[in-house]
Amino acid sequence: MTKRLLTEALHKGYGQSFEVDEVLFEINTDHQHLVIFNNSQFGRIMALDGVIQTTERDEFVYHEMMAHVPMFAHGNAKKVLIIGGGDGGMLREVLRHPGAEQVTQVEIDQAVVDMCTKYLPNHSAGAYEHEKTKVVIADGVDYVNETEEKYDVIISDCTDPIGPGEVLFSSSFYEGCKNCLTPGGVFVAQNGVSFMQIDEVSTTAQRLKPYFADQSFYSAAVPTYVGGIMTFAWATDNQALRGLDASTLRERFDKAGFKTRFYTPELHQASFALPQYVIDAI
């Protein structure tokens with residue numbers, strides 16, 4: 001019997017395929033098509049509208065770099081906002097920081113949270129039941145433009161700029177994020193695989209520039225997101241944060257008292273060194 005294949009539809013003329021060993025859940029939600037399935041190489045996988053979002057095997061790379069780089073760079077983040085991230089992995093990693101007092105997650109689709117809690121429980125690992133967690137089911141752009149709350153770190157754990165995730169790459173969203181950051185706060189966002197999506201990088205750089213004194217990118221290689229390094233947008237008015245030395249980061253990391261599988265203070269510092277083609281694009 002031939003196994004079903006899920007062939008990713010993100011890039012025209014190029015992609016990757018995953019054998020679907022077992023479909024755990026599949027539904028058309030109010031916003032998108034969601035499927036969670038088992039794969040022999042990557043474990044449980046979630047895809048939205050034919051695009052791989054996360055896998056059990058390599059999610060730690062993405063979530064650790066998205067969470068710990070801004071958190072340790074800031075050094076004293078008490079209130080954190082996560083936009084998207086319905087699988088719960090980002091929430092899990094932010095909550096590992098003992099100094100975080102409140103973590104608000106804004107997710108547009110309750111079905112994503114419910115299904116990931118049930119079928120990808122290792123991602124959230126109980127984070128949704130944590131006393132510091134506040135979940136808001138709402139549109140991320142509306143939230144950042146309407147809330148009166150202020151946050152030290154904002155993490156946009158969004159899908160690619162297609163479908164419901166498109167607005168999370170807009171100037172309106174970036175302006176709203178700037179307005180609800182505390183002075184010197186840090187904004188980071190998923191920004192695609194730069195080699196395959198270089199226009200995304202240049203557009204984000206252009207749109208962030210009017211709102212932040214320091215805008216750049218850092219990177220990590222996430223196996224599931226094929227095509228090279230994944231870039232993460234970085235924006236803050238505190239220009240010193242991007243250039244923190246490894247010893248300062250190591251001191252903060254050791255004080256936090258938890259272990260990681262990918263992130264290190266030295267890797268944190270090195271991740272801001274970008275390839276020339278990315279530098280040219282921004």
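This is a predicted model: local features need pLDDT of at least 70, side-chain atom pairs count only at pLDDT 80 or more; totals for chains, interfaces and linings use all residues.
Q: Which residues make up helix 1, and how far apart are its end C-alpha atoms?
A: Helix 1 covers residues 59–74, and its end C-alpha atoms are 23 Å apart. Helices (H or I, at least four residues) and strands (E, at least two) are DSSP runs, numbered from the N terminus.

Q: Why does that distance agree with what helix 1 should span?
A: At 1.5 Å a residue, the 16 residues should span 22 Å, so the 23 Å agrees. The expected span is 1.5 Å times one less than the number of residues.

Q: Where does helix 1 bend?
A: Helix 1 bends by about 25° at His68, and Pro70, a proline, follows within four residues. The bend is the angle between axes fitted to the seven residues ending at a residue and the seven starting there.

Q: Is helix 1 mostly covered or uncovered, and what follows it?
A: Helix 1 is mostly covered, with 16 of its 16 residues buried (under 20% relative accessible area, with a 1.4 Å probe and protein chains only). Gly75 follows helix 1 and has a positive phi, near 90°.

Q: Turning to sheets, what is the order of the four-strand one?
A: The four strands form an open sheet in the order 3-4-5-6, with antiparallel pairing. Strand 3 (22–28) and strand 6 (51–55) are the edge strands, each pairing on one side only. Two strands pair if DSSP finds at least two bridges between them.

Q: How many bridges join strand 5 to strand 6?
A: Four bridges join strand 5 (residues 43–48) to strand 6. Leu48 stands opposite Val51, and Ala47 has Ile52 as its bridge partner. Two residues lie between the strands of this hairpin, where Asp49 takes a positive phi near 50°.

Q: Why is strand 6 described as largely enclosed?
A: Five of the five residues of strand 6 are buried, so the rest of the structure largely encloses it.

Q: Which side chain makes a polar contact with that of Thr55?
A: The side chain of Asp58 does, at 2.7 Å. A polar contact is a pair of N or O atoms within 3.5 Å; within protein, one must be able to donate a hydrogen and the other to accept it, and residues adjacent in sequence count only if both atoms are side-chain atoms.

Q: What about the sheet of seven strands, what is its order?
A: This open sheet has the order 9-8-7-10-11-13-12, with mixed pairing. Strand 9 (133–137) and strand 12 (214–220) stand at the edges with a single partner strand each, so one side of each has no neighbour in the sheet.

Q: How many bridges join strand 7 to strand 10?
A: Five bridges join strand 7 (residues 79–84) to strand 10 (residues 151–157), and the two run parallel. Val80 has Val153 in strand 10 as its bridge partner.

Terms used
Residues are numbered from 1 along each chain as its sequence is written. Side-chain values use heavy atoms; hydrogens and water are left out. Buried means under 20% relative accessible area, exposed over 50%, partly exposed in between (1.4 Å probe, protein chains only).
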